[in-house]
Structures are given as structure tokens and as C-alpha cells.
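Open the model in your viewer and keep the selection tool at hand.

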Amino acid sequence: MTRRERLMATLRGETVDRPAVSLYEIGGFKVDRCDPDPFNIYNSPNWQELLELAERSTDLIRMRMPKVTAAVDNCAGEFFVEESYIEDGSRFVRTTLRVAERTMTSLTRRDPDTDTTWTLEHLLKDTDDLKAYLQLPDEAFSFECDVSGLIEEEAELGDRGIVMVDTADPLCLAAGLFSMEDYTIIALTEPELFHALLEKLSRGLYARTEFVAEHFPGRLWRIYGPEYACEPYLPPRLFEEYVVRYTGPIVEAIKRWGGFARVHSHGRIKSALPMIVAIGADAIDPIEPPPQGDVLISEVRREYGRDLVLFGNLEISDIENMEPSQFERVVAQAIEDGTCGEGRGFVLMPSASPYGREISERTMANYRTMVRLIGSSG
């Protein structure tokens, strides 16, 4: 089978020659290893072997978003001002929002040696900020989508893999406006207000999802954000209120046009799994083992494997820190547990990828082990 055929057959629950293997963001993110930008960690010589391993030997799943541009009636510029500057070698972005006679600010930092953005200050700090944010007109969230880039990426990829549409859900958009502490308090104690925020953010997101699902049908999607409502952050009853109610329509739109919905959720997912199945999800990742998570992949396979394709369940911390001989046993167990008994399908995949400029030999050896063991499992 080609890599594309293997992945599509897995999503459909068909027989494959061997389980698929993905290195997640490696081979998934769009990177330019030749770009000399000091914030591009992937131009480091340490990264080259790992990037080549992904391209040459894994079942590629390109994580892409459609091109989104402000609609003609978008009025966000009347309320938001963004300023970017470099200080002490780091890139900072300050966003200022003025609405309802209130001024709110956020601040992020990006360092040259790490491929991650740190939020130093969140936009909304309390319920008064939230009430003011709700006064923004819907036109401030009005955007138009273009899927031509997704189609071009798929053509360039050919039979080496598939393109996966990446999208946040309303909960992710809402929770990200607050610090984790403020988010959990407001979500717990101000459900009416938080529902109003989710409803506001969902309207534009649903329209974009429907457009992309219709014009780029039959593809895999990754929906991220449900983990914000998993335990221990919120009780299961609020997962039903904030995820089932608002993420469910995204899944429905994807499936209405023949696509496959993969729910992304780190951490403790055990209590959420029945609800994730109930909204019609086709797959889940990364199914983290204890102590990071609270359920074994063998349990998920046994209870939900007929409904869900399982993507997982190797921890990035193990890839970076575990001795290769020990990690080999972990990978072998993951393959056995992910394919045991009857099930829709399994893709061997880590929970994340390194985000620093240096890749150690131990890390590289463990990635090679993933590829080697999956290749001998067919």
C-alpha cells in the first residue's frame, strides 16, 4: 500500500498491510529548513536527520489550516491594535482591545531557540472584561476561507500521505482568552456568561468549518480544545455543556461532507470518552498513558476501538529522556495494545514533538526505533 492508501484505509476501518506511523508535528508542520530566520529552529543541523526520517519513512499527515482573510464587512481593526517588537533577542506581540469604554491587553513572547509562543498576559482577566468582549459586533469575527492551498499541498504530497485540516473548537478559542486559573473559575461559576462567549465565537467558526468541509470534502480533520473541559480542570457535566454542545456541530459538518473528525485531547480523557464517541468523532489522539493520562490504550481499544481510530500513545518526554533499550519495549507494547483484538484502526504516534533547537542522539535513536518497529509489525 502507498502511505496515502494506508492512512485512508485506516480511517475507513479497512484492513491495512501494517499500522501507520506518524511523528505528529514532525512531517506535519510546514517548515522550511533553509530559512535563515533566527526564530526558525528547523534550520539547525541537529534537526536535519529527524526531518528527513519523517519525510522518507513515515505516513505523513500534513496539519494545515485554510487561508483565512478578513471579510469585506470585518471591523476588527476598529477595536484591535497589534504591535510586534524585538527585545533581548525575543519577539513580543502586544494586542490592545478597546471596546465598551474598556481597554484590555495581551502579551506573547517567542524565543529564538524554542518553537513555542508563551503568553505572558492574557487578554481577559475578569468577568467585566468578558462582558465588554461580548459587546464586540459579530462582524469583528467575519472571515472568508480559501481552500486552494490545501488542494495544492495535497497534490504536492502525492501518495506519501494526506492533508489534515486543523481547527480549534469554540472552547479553545474561549479558554485561550484567559489565564488557566481565570478560565476555570469563570467556566465553573459563570456558566451563563461563558455560554454567551461560546455562542459568540462559534458562529463564525461554524460558517468557516462548513465552507471548508464542503469545498475540501472527505479529508481528515483535527479538532483541538476539548482538553480544556477534561478532568481535573472541569467536571464531566461541563464537558457535556461546553464540548458536546459546541464541538458536536463541527464534527457533524465534517462528516456531512464525508470527512473524518479526530478529536485532540491531552491528559485525563476517561470520563470524556463516551461523550467524544457520542458526538460522532472518528478518531482520538494522543491517548496519554498514566500518569499524564488516566486510561491505557488497551482499555480504549477494548471499549471504543470499534468506533475510534486510535492515534498514540507515546509520550514525548519518553522519546527525549528514556534509554533506547527501555523505549523499544514501550513502543512494542504500544503497537501490541493499539492493535489487539478488533478495532477500527491504529496509528503509532507521539503526544508532541521536541520544540528546541537541539536534537540529542538519544532522541534520534528513539525516533528511529518507532519507525523500525512499526515497519516490522506488518
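**Aromatic rings**

Start by selecting Tyr183, Phe194, Tyr228 and Tyr242, which ring pairs link into a cluster. Note before going further that this is a predicted model. A search of the whole structure finds six aromatic pairs. For one of them, select tyrosine 85 and phenylalanine 92: the two rings are stacked, 5.4 Å centre to centre, with 10° between the planes. Colour this pair by accessibility. Tyrosine 85 is partly exposed, at a relative accessible area of 24%, whereas phenylalanine 92 is buried at 11%.

**Arginines over rings**

Next, show the side chains of arginine 219 and phenylalanine 216. Here arginine 219 lies over the face of the ring, 3.9 Å from the ring centre. Then move to phenylalanine 311, where arginine 262 lies over the ring face at 4.3 Å from the centre.

Tryptophan 118 belongs to strand β7, which covers residues 117–121. With a relative accessibility of 37%, tryptophan 118 counts as partly exposed.

**Cysteines**

How many disulfides does a search of the whole structure find? The search finds zero. A disulfide would need the pair of sulfur atoms within 2.5 Å. Is cysteine 75 buried or exposed? Cysteine 75 is buried, with a relative accessible area of 12%. Cysteine 34, in contrast, counts as exposed at 67% relative accessibility.

**Helix α7**

Go to threonine 209, in helix α7 (residues 191–215). Threonine 209 is buried, its relative accessible area being 3%.

**Cis peptide bonds**

Switch to a backbone view and select glutamate 231 and proline 232. The peptide bond from glutamate 231 to proline 232 is cis, with omega near 5°. Proline 232 is in the loop between β10 (220–224) and α8 (236–256). Now select aspartate 285 and proline 286, where the joining peptide bond is also cis. Its omega is near -5°. Proline 286 sits in the loop between β12 (283–285) and α10 (297–304).

**Positive phi angles**

Stay in the loop between β12 and α10 and select isoleucine 287, which is found there. What is the phi of isoleucine 287 near? Phi is near 50°, a positive value in a residue other than glycine. At 0% relative accessibility, isoleucine 287 counts as buried because the cut-off for that class is under 20%.

Finish at tyrosine 24, in the loop between β1 (20–21) and α2 (48–57). Tyrosine 24 has a positive phi, near 65°, and is a residue other than glycine. Tyrosine 24 is buried, with a relative accessible area of 3%.

Terms used:
Residues are numbered from 1 along each chain as its sequence is written. This is a predicted model: local features need pLDDT of at least 70, side-chain atom pairs count only at pLDDT 80 or more; totals for chains, interfaces and linings use all residues. Side-chain values use heavy atoms; hydrogens and water are left out. Buried means under 20% relative accessible area, exposed over 50%, partly exposed in between (1.4 Å probe, protein chains only). Rings of Phe, Tyr and Trp (its six-membered ring) pair if their centres lie within 6.5 Å; planes under 30 degrees apart count as stacked, over 60 as edge-to-face and the rest as tilted. A charge sits over a ring if NZ of Lys or CZ of Arg is within 6 Å of the ring centre and within 35 degrees of the ring normal. Helices (H or I, at least four residues) and strands (E, at least two) are DSSP runs, numbered from the N terminus.
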